[in-house]
Amino acid sequence: APFPIFLVGKVQRGFGRGGKDLGCPTANLPDESITPMSSVANTGVYYGYAQVVTPATEGFKPEDVEVLPMVMSLGWNPFYKNEKLTAEIHIMHDFEKDFYGYEMRAVVLGYIRPELDYVSRAISEALIEDIEIDKRVALNCLERSEYRKYSKDPHFEDQC
Ligand code: ADP
Ligand code: MG
């Protein structure tokens, strides 16, 4: 297996495809940051840990800089004729403010499921339901000590 896969980059603006509207904001990493994902063939949903590196000032809480569970969607971007791979990370934590421009570090530990085609379904309801399932699956998987040890990996910034 190719895991763990380590990613790092500055959070970019996405296309506002309704992440927040669905209660599921997804932070985008720039292209060069997701090259390590080329080692996996599958698009779909992954799980792991992520950390946003923000200064203690500027209104962020100490919890905001912790290493937190995440789910990541990897897919071909329709805005680029499906020729560009994009990775969007939803961190399972309540941030009181956006963190565009800050560094995000992540470790991808496993695969949950392929992308589903929502075209013929009641899109938002189906999506929300699936995202909730993904989050539960991710949290269950991350319970295992072999996975949990990666939250302490030196890839992440020291938390004081
Ligand atoms: P965009 O299209 O710009 O990615 P989203 O609606 O997907 O817009 O919102 C993503 C942004 O929301 C992130 O870049 C980040 O600044 C912010 N955000 C707030 N809470 C979270 C969270 N729990 N996980 C990921 N991003 C979050
Ligand atoms: Mg997004």
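Student: Which residues does Ala106 touch, not counting residues up to four places away in sequence?

Tutor: Ala106 touches Leu7, Gly48, Tyr49, Ala50, Met70 and Ile89. A contact means two C-beta atoms, placed from the backbone, within 7 Å. Keep in mind that this is a predicted model: local features need pLDDT of at least 70, side-chain atom pairs count only at pLDDT 80 or more, and totals for chains, interfaces and linings use all residues. Residues are numbered from 1 along each chain as its sequence is written, while chains are lettered from A and ligands numbered from 1 in the order in which they are written.

Student: What makes Pro78 exposed?

Tutor: The neighbour count. Pro78 has 11 C-beta neighbours inside 10 Å, so it counts as exposed. Pro78 sits in the loop between β4 (68–76) and β5. Its C-alpha atom is 32 Å from that of Phe156, 78 residues along the chain.

Student: Why is β5 (85–91) called mostly covered?

Tutor: Six of the seven residues of β5 are buried. Strands here are DSSP runs of E, at least two residues; helices are runs of H or I, at least four; both are numbered from the N terminus.

Student: How do you know that β5 pairs with β4 and β2?

Tutor: Count the bridges. Pairing requires at least two DSSP bridges between the strands. β4 and β5 share seven, running antiparallel. Met72 has Ile89 as its bridge partner in β5, and Leu74 has Ala87. β2 (27–28) and β5 share two bridges, also antiparallel. There, Asn28 is partnered with Glu88 of β5. Both pairs qualify.

Student: What makes β1 and β2 edge strands?

Tutor: The six-strand sheet is open, with the order β1-β6-β3-β4-β5-β2 and antiparallel pairing. β1 and β2 each pair on one side only.

Student: What makes the largest nonpolar core a core?

Tutor: A nonpolar core is a set of buried Ala, Val, Leu, Ile, Met, Phe, Trp, Tyr and Cys residues joined through C-beta atoms within 7 Å. The largest such set has 28 residues, and Met70, Met72, Ile89 and Ala106 have the most contacts inside it. β3 (44–53), β4, β5 and β6 (103–113) each give two or more residues. β3 gives the most, with six. In soluble globular proteins, nonpolar side chains tend to be buried together.

Student: Which residues are closest to ligand 1, and what is its shell made of?

Tutor: The closest are Gly14, Gly19, Lys20, Pro25 and Asp98, among 19 surrounding residues. A residue belongs here if its C-beta atom, placed from the backbone, lies within 6 Å. The shell has eight nonpolar, seven polar and four charged residues. Nonpolar covers Ala, Val, Leu, Ile, Met, Phe, Trp, Tyr, Cys and Pro; charged covers Asp, Glu, Lys and Arg; the others, Gly among them, are polar. β2 and β5 each supply at least two shell residues.

Student: Why is the protein called as compact as a globular protein of its length?

Tutor: Start with the pattern, β-β-β-β-β-β-α-α along the sequence. The radius of gyration is 15 Å, close to the 15 Å that the globule rule gives for 160 residues, so the protein is as compact as a globular protein of that length. The radius is taken over C-alpha atoms, and the rule is 2.2 Å times the number of residues to the power 0.38.

Definitions and conventions. A residue is buried if 20 or more other C-beta atoms lie within 10 Å of its own, exposed if 12 or fewer, and partly exposed in between; C-beta atoms are placed from the backbone.
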